[in-house]
Amino acid sequence: MKTIKAGLISLLLFATPLVAQTNPDWHASFPAFKIAGNLYYVGTADLAVYLIRTPQGNILINSDFPEDVPTIKKSIEQLGFKYSDTKILLISHAHGDHDAGVGMIQKETGARVMIMDADVAEVQSTATGRPGAHVDRVLHDGDTVELGGSKLTARLTPGHTKGCTTWTMQVEEGGRKLDAVIVGSPNVNPGYVLVGNKNYPRIAEDYVKTFAVLKSLPIDLFLGAHGAYFGMKAKYEKMKSGGANPFIDPAGYKAYVSEREAAFQKEWERQKQNPPSAAAR
Ligand SMILES: [Zn+2]
C-alpha cells in the first residue's frame, strides 16, 4: 500500500497541467546558470528551459506557459544574453507546461519553431491553452538542428505525447566533450489509457520503444523537461559549493530511466488485468 501511495504521489508530481498547476515551483523564478560549455538553464524552479549559446544566436528548448515568458526573458538577460538573439525554438513535447508560450516567443523574437512531426498539430493549434504557433520546420526522429557550430539531435521518445522529443547534444567543458541528454518525458500521467486506447492504439508499444532509446543514449549530463526529473534544485546548490559538476550524473540517469520504466510496466500490467472502461478511453 505504501509503495502504491508513493507511486501515486510521484505520478501527481509529473501530472497534467490541471493537477500540477498547484506545484508552486512551476511559476517560481530560479537563478539562471551555466550547466556546462555553452548550455545554460533559463527556466523556472521546475519548468526547464535550456539556452544553447552560439556565435550566430541562441537556441531555446521549451517556452513554459505564456505567464512564464517574462521570467525566462529575465533569466536570459541575467546571463548577459539577448532575448532577441533567440533564433531557434524547440520543445520537449506538446503539453502546455513546455509549449504554451511558443507562439509568444516566436512573435517576440522571430525565432524559427522546429517541432517533431507527431506534435506539430498540437503546437499549431489555436485551441484554448495551445500555442497557435507557426511551425517552420517539421522534425523526424534523428534529425539534427544546427546553429553557429552547435548541433542538437532530436530523438523521438513517444508515449507521453506522440511526438515527445528527447534532445541530445555534445558540449565542450574544460577540453572534455560531454554528452547531454534532455529527457522529453517517460511519464504515464494519471488517466493515461495504455490498453484499448482508440486515439493512440500504439501508446504502450511507444513507451517500450522510448525506454529502449533512453537506455541506448550516451550520457554525461542528465537533464529533462522538468527540474524534478534530475534533481535540479539540489544539484544547483551542490554546484555553487564547487567541486565536480553535479549535472554529470550517468548513474542518476540510469536509475531514473529504470525507475520510470518499472512504473510504466506496473501501470501497463495493472491496465491489462483491469482494462480502463470504454468511457475512460
Ligand atoms: Zn507533459
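Is K87 buried, exposed or partly exposed, and what is its relative accessibility? At 37% relative accessibility, K87 is partly exposed; here buried stands for under 20% relative accessible area, exposed for over 50%, and partly exposed for what falls in between, with a 1.4 Å probe and protein chains only.

Before the views, a word on the model. This is a predicted model, in which local features need pLDDT of at least 70 and side-chain atom pairs count only at pLDDT 80 or more, while totals for chains, interfaces and linings use all residues. Residues are numbered from 1 along each chain as its sequence is written, and side-chain values use heavy atoms, with hydrogens and water left out.

**View 1. K87 sits in strand β5.** Strands (E, at least two residues) and helices (H or I, at least four) are DSSP runs, numbered from the N terminus. Setting aside neighbours within four places in sequence, K87 is in contact (heavy atoms within 4.5 Å) with Q56, G57, N58, A111, R112 and L147. To get a sense of distance, look for N197: K87 and N197 are 110 residues apart in sequence and, from C-alpha to C-alpha, 38 Å apart in space.

**View 2. Seven strands form an open sheet in the order β1-β2-β3-β4-β5-β6-β7.** The pairing in this sheet is mixed; two strands pair if DSSP finds at least two bridges between them. At the edges stand β1 (33-36) and β7 (137-139), each with a single partner strand, so one side of each has no neighbour in the sheet. On average, neighbouring strands are turned by 25° against each other, direction ignored. Axes are lines fitted to C-alpha atoms, for helices over the stretch in contact, and angles run from 0 to 180 degrees between N-to-C directions. Within the sheet, β3 and β4 run antiparallel and are joined by five bridges; Y50 has I61 in β4 as its bridge partner. Helix α8 (residues 232-240) lies across β1 and β2 (39-41), and runs at about 90° to β1.

**View 3. Helix α3 (residues 69-78) has a buried set made up of V69, T71, I72, S75 and I76.** Seen down the axis of α3, these buried residues fall within an arc of 160°, so they line one face of the helix; the arc is that of the directions from the helix axis to the C-beta atoms. On the other side of α3, K74 and Q78 are exposed. The cover over the buried residues of α3 includes β3 (50-54), β4 (57-61) and α5 (102-109). After α3 comes G80, which has a positive phi, near 85°.

**View 4. D68 lies in the loop between β4 and α3.** At 0% relative accessibility, D68 counts as buried. Apart from neighbours within four places in sequence, D68 is in contact with W26, H27, T44 and L47.

**View 5. A zinc ion has H93 (NE2), H95 (ND1) and H160 (NE2) as its protein donors.** These donors lie 2.1 to 2.2 Å from the zinc ion. Donors are N, O and S atoms within 2.8 Å of the metal (3.2 Å for Na, K and Ca), and water is not among the atoms, so sites may look incomplete. Along the chain, the spacing of the donors is H-x1-H-x64-H. H95 lies in the loop between β5 (86-90) and α4 (96-99), and H160 in the loop between β9 (150-156) and β10 (165-173), so the pair ties together parts that are 65 residues apart in sequence. H95 is buried, with a relative accessible area of 18%, and H160 is buried at 6%.

**View 6. Another open sheet has five strands, ordered β8-β9-β10-β11-β12, with mixed pairing.** Its edge strands are β8 (144-147) and β12 (221-224), each of which pairs on one side only. The twist averages 25° from one strand to the next. Strands β10 and β11 (residues 176-183) run antiparallel, with seven bridges joining them; T168 has V181 in β11 as its bridge partner.

**View 7. Helix α9 (residues 250-273) has 24 residues.** From its first C-alpha to its last, α9 reaches 35 Å, close to the 34 Å expected at 1.5 Å a residue; the expected span is 1.5 Å times one less than the number of residues. Buried residues of α9 include Y253, Y256, F264 and W268. E267 in α9 counts as buried at 18% relative accessibility, and its contacts beyond four places in sequence are V188 and L194.
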